[in-house]
Amino acid sequence: MTKRRVLSAEISHETNTFSVLRTDLDAYLRRQCYFGDDIAKHMSGTATEIAAHIDAAKKYNWDLIPTVAAHATPSGMTTAETWEKLCDTVLAGLDGGPVDGVMLALHGAMVTESSLDGEGDLLARLRKRLGPDVPIAVTLDLHANVTDEMGELADFTVPYRTYPHIDQYEAATEAAGLLQRAMDGEVRPVTAVARCATLDGLNHGRTQEGPMVEALARAAEIKAGDPSVLEIGLCAGFAWSDLAEAGPSVTVTTDGDEAKAKAIAAEFAAFIWETRDQNTVPLLSLAEIETKIRSGPTGKGPLVIGDTTDNPGGGGYGDGVRLLETIIASGNDNAVLAAICDPAVADQAHAAGTGATINVNLGAKVDPGHYGPPIKAEARVLALSETGAFVCDGPMWANMEVRLGKSALIEISGVKVVIASSNLQVTDQQALKLFGLDPAAFDVIGVKSSHHFRAAYQPVAREVVLVDSGGLVSQDYKSFTYRHLRRPIWPIDEITV
């Protein structure tokens, strides 16, 4: 029997359109960008969607056509040149002859200089080459902004169901099973996408408690009771991508029953609207954080603080220093913050060497007007790393190598600070262990992250909190100028129902 030929690709970027930065090919190369046969060398055995593509090919006896596995840290729009390069690489996989199916690992909130809907653009290019009959299965981040075009052009969209996202492999495995059924002619997928007039909702996608948990349970119940419902995808959306369809959504795929898909989608859209203002994790102010540090016990595990509004995982610049300033002001000298992205200070530390004392002008370099001023202080260089490379051993991105770039551990007023050259959300304890630090031994740990850090840090924490440090990933949506977002929309506009 002839093997089925299945195209495989990943282009993943969560785009904060309010960032002053642009995302070029180097940004992908710094985070994760492999081509062709190198993909399997680097990603087999990892807890990723691409690893699931590779394993599904073995399970179903596919002839897998690897093209690109590219994933950049969230930031501003992908440049038009880079986008063309990545799309051309995917489409080149079709040059070797017809394919029977396509597996895509996408984010769902990608904006490029040439398209507000990056995923929809890629799917349109593929459909132009493939026609309407070759099935395409897509995995999405739980924070995707699912557009109507994405729902129309993909046969299956399977978002993650966990936040932190520790089920990427499982989501892609499910998508592969659906693709196989479609290629076998066992199912005829039809899809409906629904959203409501809200930019925020589903408890920001948290899967520990709140509306997202309820919605996922309801989706599982419907699927278990009706085999014709092939997939119900719930996405909390990404509010910092300025496009018409930003915000929470539901995507329902059934076996040939469009009316049923639309009815189920409408039910979930109503639930998203009704629960839109439920938020189980409030953001603390910097003053509240300082008080909490001062009043907290010592020697009983760390207070772990997520610097959510400067989260690189949401497009934050990662060079905000207001939380560090607050930790220093608290007087606690058993504290660490990871990681401030400041290549200049990293270079300075490397030039001086371990044990040296340097005068730093730390942080607030990308957009000083928004993040400033920097911290000017005397710092001691404690440790250095040329690459900042480590392999994740926590639940998220397990076995994937991550690189902080040229990096250093410095100490300012008794507080240890990891300095990175590559802007990276801290999700793994190895970001500290790389420098010989034991996370469990600290009283206070600050991390540039919103929620993903919980998977690795919650087990050692006495308490986990989030802080609003005034960064780019602010939840004050009225402070941003949206040009493409549908209006009126909650919570920016007053809406009466």
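R161, E174, K223 and E231 are linked in a network of salt bridges. The model is predicted, and it holds 30 salt bridges.

**Salt bridges**

- Side chains of opposite charge can pair when their charged atoms come close.
- E221 and R218 form a salt bridge through their side chains, with an N to O distance of 3.0 Å.
- Both residues belong to helix α8 (residues 211-225), and because they are 3 residues apart, about one helical turn separates E221 from R218.
- R218 is partly exposed, with a relative accessibility of 34%.
- In helix α9 (residues 258-274), K262 and E258 are 4 residues apart, about one turn of the helix, and their side chains meet in a salt bridge of 3.4 Å, N to O.
- E411 forms a salt bridge with K416, and the closest N and O atoms are 3.5 Å apart.
- E411 counts as buried because its relative accessibility is 17%, and the limit for buried is under 20%.

- An open sheet of 3 strands is arranged in the order β7-β9-β8, and the pairing is antiparallel.
- Its edge strands are β7 (189-194) and β8 (229-235), each of which pairs on one side only.
- From one strand to the next, the twist averages 15°.
- Strand β9 (residues 249-255) and β8 are joined by 6 bridges in the antiparallel sense.
- E231 stands opposite T253 in β9; E231 is also one of the residues in the salt-bridge network with R161, E174 and K223.
- Helix α9 lies across β7, β8 and β9, and runs at about 160° to β9.

**K448 and strand β19**

- K448 is in the loop between β19 (444-447) and α15 (454-457).
- K448 is buried, with a relative accessible area of 0%.
- Beyond its neighbours within four places in sequence, K448 is in contact with residues including D307, D310, N311, Q425 and V426.
- Other contacts of K448 include P312, G318, G320, A338, A339 and I340.
- R129 is 319 residues from K448 along the chain, and the C-alpha atoms of the two are separated by 41 Å.
- In a regular strand the side chains alternate between the two faces of the sheet.
- In β19, V444 and G446 point one way and I445 and V447 the other, and all are buried.
- Strand β11 (residues 303-307) runs parallel to β19 and is joined to it by 4 bridges; G306 stands opposite V447.
- Strand β12 (residues 335-341) also pairs with β19 in the parallel sense, over 4 bridges, and I445 is the bridge partner of V336.

**Nonpolar surface patch**

- V20, L21 and V366 form a nonpolar patch on the surface, and together they have about 210 Å² of accessible area.
- V366 lies in the loop between β13 (357-362) and α13 (368-371).
- With a relative accessible area of 35%, V366 is partly exposed, and so it passes the patch criterion of over 30%.

**Backbone exceptions**

- Most residues other than glycine have a negative phi, and most peptide bonds are trans.
- The peptide bond joining Y163 and P164 is cis, with omega about 10°; P164 is in the loop between β6 (156-159) and α7 (168-183).
- A cis peptide bond also leads from R487 to P488, where omega is near 0°; P488 is in the segment after β20 (463-467).
- W397 is not a glycine, yet its phi is positive, at about 60°.
- The loop between β15 (389-391) and β16 (401-403) contains W397, which counts as buried at 13% relative accessibility.
- S413, another residue other than glycine, has a positive phi near 50°.
- S413 lies in the loop between β17 (407-412) and β18 (415-420), and at 55% relative accessibility S413 counts as exposed.

Terms used. Residues are numbered from 1 along each chain as its sequence is written. This is a predicted model: local features need pLDDT of at least 70, side-chain atom pairs count only at pLDDT 80 or more; totals for chains, interfaces and linings use all residues. Side-chain values use heavy atoms; hydrogens and water are left out. Patches are made of residues with over 30% relative accessible area and no salt bridge: like charges are joined within 9 Å, nonpolar side chains (Val, Leu, Ile, Met, Phe, Trp, Tyr) within 5 Å. Accessible areas come from the Shrake-Rupley method with a 1.4 Å probe; for residues, only the protein chains shown count as cover. A salt bridge is a side-chain nitrogen of Lys or Arg within 4 Å of a carboxyl oxygen of Asp or Glu. Helices (H or I, at least four residues) and strands (E, at least two) are DSSP runs, numbered from the N terminus. Buried means under 20% relative accessible area, exposed over 50%, partly exposed in between (1.4 Å probe, protein chains only). Two strands pair if DSSP finds at least two bridges between them. Axes are lines fitted to C-alpha atoms, for helices over the stretch in contact, and angles run from 0 to 180 degrees between N-to-C directions. Contact means heavy atoms within 4.5 Å.
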